[in-house]
Every structure is written in C-alpha cells, then in structure tokens.
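Let's take a walk through this fold, from the sheet out to the helices packed around it. Have the model open as you read.

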Amino acid sequence: MEYTINIKGRLMDLSTPQVMGILNVTPDSFYSGSRKQTEMEIAQRADQIIEEGGSIIDVGAFSTRPGADEVSEKEEGRRLKFALDIVRREQPDAAVSVDTYRPTLARKCIEEWGADIINDVSEGGITGIANVPLEQRQEEYPEMFRVVGELKVPYILMSVQPTLETMMKGFAREVQQLRDLGAKDIILDPGFGFGKNLIQNYQIYNEMEKLNVMELPVLVGISRKSMIYKLLGGDATTSLNGTSVLDTIALMKGASILRVHDVKEAAEAVKIIEAMKEGRT
C-alpha cells in the first residue's frame, strides 16, 4: 500500500512492509522468550530488533494473554517509563510504539517518555485485560480516541470482533470517530486471538485482503499465538514455522506491518515477497 505515517515529523513509508519487534517488560507474557526486565535485557532486545531488520520497537508492560494477572496503572507506568528510557537511549532513531489500552499512560508515553505510536489492544476501550469488557471496570473507562486526536500520533486500532463483517462495520464507525476528533494516521489490526475462536481466526485470515478497501495500513500480529499451536500441536516455543507461514500469507494479502517476536525471520519474509513483486513488474 502506498502510505506513509508521520513519526514526530519523520515519514515512514509503508509501501514496503515494516517489521515491528516485540519487547515485553512483563514477567508473564505468553511467550517466555519475549520477557525482558533488566536494563541489560531491554537494551539488548532493542538493539536486536533493529539489527535484525525491524524498524519499530513495540514496548508492552501488561500481558493481555488469557488468565494474565492484573497490573495496576501505577505498576504498568513504572515498567513503561523504565523500558522506554532504555530503548530511547539505545536506539534514539527507532520508531517506538507503546502497547497499552490506558489513555492516561498512552499520553505520558508520548508526551514524556519518548514513544511515537499508540498500540491499543482494546479497540478504543471495548475490552481491557484478557478481553474483559471495560464496562465492568469503570475506573478505567477509556478516552483513548480523544487522546489520539489531541496528540495526532499514529494509532493502531485493534479489533476484538469475531467476524470480518462485524470487524469492518466497527472499523468504519471507529475510524470516522477518530477522524472527527483530529486523528491523522490510523493503522488497522484484525486482532487475531482477541474475541475470536480458532475457526474464526482462520476465517478472517482467509478474507483479510478485504480490509484493504478501507485504504488504511493493516498490521498483523499472529506471532507464536495459540491459533498456530492449537491447530498444529506444540506450544508457543514450537510455533516459529507456523508464524512465518502466516506472516508470508499476510504480506501477500496486503499487510503493511508485521508485529513479531522473531524479527529476522519476518524481515526475510518481507524481502522475499518484495522480490516477487519486482519480478512481476
């Protein structure tokens, strides 16, 4: 897709798909290989993401896996500030996204702690931790769209809808709301594994190219998720091959960003697909 996003005055061209590397500063993320908590671990992971071909570092401090422990806003903020300070020191030129559904923390990450992009897994507040509706958690009822509109930073809008039809209807409504509030760069994430069972995940994957009608970049995050190992067997640690297969399919269906644990393999998939495109021209 011919599309650029504004990273605090620098344009990132998405006509060539970008790789977003995951950096989790949590003790309980579903894939143990992504957990980085010490200063050295965080610094090494930030460097690794860029060295292996990533262009975006996605920092998360609150596991959204099913059954994950609650994390207070104070603790999530402490973890994010600690990690973002290190990432910015190590990779000052990298684009950095913050994986949070809390609008107050998203604002601090952008305005004070050096993040560039908001990556919201709650579809603007429909869900919170592990798909629990935020209506059940009134103290955190979000105003994320207003924050995004005010800050005018790239925003990843992830769907928790179970079918492509409901997803696209929701996206159409939410994108208009964001535009009305002044949001500029919106990236759509189908939200594989969120609000969807195994069959629904693959049904949406099969038709994912239909999202291109919205003329917005699409981010795909299926790295080592249960939709792979529930189908093939094993667990997250054995799901790299399945991840690479699905990442490649996503690129062929028009994905602009791959969010992954294994950056080198994703960057190689991008390189192969880009070479195929050149061969057609």
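Predicted model: local features only at pLDDT ≥ 70, side-chain atom pairs only at ≥ 80, totals over all residues.

Residues are numbered from 1 along each chain as its sequence is written, and side-chain values use heavy atoms, leaving out hydrogens and water.

Start with the open sheet: 8 strands in the order E8-E7-E6-E5-E4-E3-E10-E9, with parallel pairing. (Strands are DSSP E runs of at least two residues, helices H or I runs of at least four, numbered from the N terminus; pairing takes at least two DSSP bridges.) Strands E8 (186–189) and E9 (219–220) sit at the edges with a single partner strand each, so one side of each has no neighbour in the sheet. Further in, E6 (residues 117–120) pairs with E7 (residues 155–158) over 3 bridges, and Ile 118 stands opposite Tyr 155 in E7.

H4 packs on the sheet here, touching E6 and E7 (contact means heavy atoms within 4.5 Å), and its direction makes about 165° with that of E6.

H4 (residues 144–151) also packs with H3 (residues 103–111), at about 20° with axes 9 Å apart. (Axes are lines fitted to C-alpha atoms, for helices over the stretch in contact; angles run from 0 to 180 degrees between N-to-C directions.) That makes the two roughly parallel, meaning an angle under 35 degrees. Among the residues that meet are Ala 106 and Ile 110 in H3, and Val 147 and Leu 151 in H4.

Notes. Parallel < 35°, antiparallel > 145°, perpendicular 65-115°, else oblique.
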